[in-house]
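Hi,

Here is the model I said I would pass on. Have a look at it first, and my notes come after.

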Amino acid sequence: MRAHRHRGFTITEVLMTLSLLVIFFAAAGEVFRSTVLLGKSSQDLCDTASQADSALRQLRIDAWNARAISVPDPRSARISFADGTAITWQLDSQKSAIRIDAAGHSQRWENIAAGWSFTADADSLIVSDGKSVPQRIISQILLTGGPKP
Amino acid sequence: MIAAIALMSLSAMTLTLLGSTIFNQSRRTQILGEDAQLRQFLIAGAAFAQSHIQQNSTGEFSIPLPKISLPAAQLTVSFDSISSSRVTAHIEASFPHHRLSQQLIFILENGQWRITQARLGL
């Protein structure tokens with residue numbers, strides 16, 4: 001009677017297969033981790049950019065109508081209007097930008113103002129974050145020599 | 001086989017996310033650039049309004065713009081007289097899919113027209 005032989009795997013084959021599987025799962029894990037991190041950082045970047053755009057948009061609207069712009073310190077700016085009212089913008093230590101209107105109502109943009117500072121020029125407010133090109137925010141009234149304070 | 005498909009899906013997802021982030025940021029950069037250009041036009045419109053304003057000014061003016069790389073830009077100034085010493089100017093600057101406007105209130109003081117209010121409409 002002829003014996004039926006079942007050929008198994010050699011230890012070398014098993015070790016090589018296991019090594020390949022380990023490498024494969026390590027790569028898969030890294031790709032998965034990168035995907036999750038990229039998704040999160042992409043979302044954070046998008047949110048921060050959108051918040052910063054919104055704050056700068058409001059600041060631009062305020063400054064456009066300014067009769068006077070003063071910067072008592074680099075973390076705050078005061079924008080005064082022809083009707084005697086004023087709006088104050090402040091940058092706090094939690095990286096937030098805060099707008100306080102004439103009635104005392106405040107509006108806050110969180111986590112956008114890391115490294116921001118204000119300086120005033122003849123007809124504009126300059127917002128700098130210390131990294132990119134400073135944003136010059138112009139007053140239309142001061143630029144065209146509007147009403148004298 | 002399933003693991004390979006999962007790995008390829010993850011890679012595709014990463015590339016899609018990366019592509020969408022790059023697209024969003026480039027679109028944002030483009031919009032901010034156009035915004036800055038339109039604000040320049042508004043300032044030019046205000047200068048035009050200040051030099052052309054008269055008592056009881058009314059009507060609309062289309063201001064010719066220099067040829068720039070951005071296509072089909074338009075700038076219009078329209079006056080609306082409220083009284084003999086108070087005139088409103090509405091200035092609108094636009095590209096085909098993007099526009100900005102401002103409203104200026106001029107008051108006649110000592111024979112000179114001065115802007116007392118400038119409302120930026122975004």
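Below is what I found, going through each chain and then the place where they meet.

A word on the ground rules: this is a predicted model, so local features need pLDDT of at least 70 and side-chain atom pairs count only at pLDDT 80 or more, while totals for chains, interfaces and linings use all residues. Residues are numbered from 1 along each chain as its sequence is written, and chains are lettered from A and ligands numbered from 1 in the order in which they are written.

Chain A first. It has an open sheet of five strands, ordered β1-β2-β3-β4-β5, with antiparallel pairing (strands pair if DSSP finds at least two bridges between them; helices are DSSP runs of H or I with at least four residues, strands runs of E with at least two, numbered from the N terminus). At the edges stand β1 (68–73) and β5 (106–109) of chain A, each with a single partner strand, so one side of each has no neighbour in the sheet. From one strand to the next, the twist averages 15 degrees (axes are lines fitted to C-alpha atoms, for helices over the stretch in contact, and angles run from 0 to 180 degrees between N-to-C directions). Four bridges link β1(A) to β2 (76–80) of chain A in the antiparallel sense, and S70(A) sits opposite R78(A) in β2(A). Across β1, β2, β3 (86–91), β4 (97–100) and β5 of chain A lies α1(A), at about 140 degrees to β5(A). Contact here means C-beta atoms, placed from the backbone, within 7 Å.

Now chain B. Its open sheet of five strands has the order β1-β2-β3-β4-β5, again with antiparallel pairing. The edge strands are β1 (59–62) and β5 (112–121) of chain B, and neighbouring strands are turned by 20 degrees against each other on average, direction ignored. β4 (98–109) of chain B runs antiparallel to β5(B), joined by nine bridges, and I107(B) stands opposite R114(B) in β5(B). Helix α1 (2–52) of chain B lies across β2 (74–83), β3 (86–95), β4 and β5 of chain B, at about 150 degrees to β3(B).

Cheers

Notes:
Contact = placed C-beta atoms within 7 Å.
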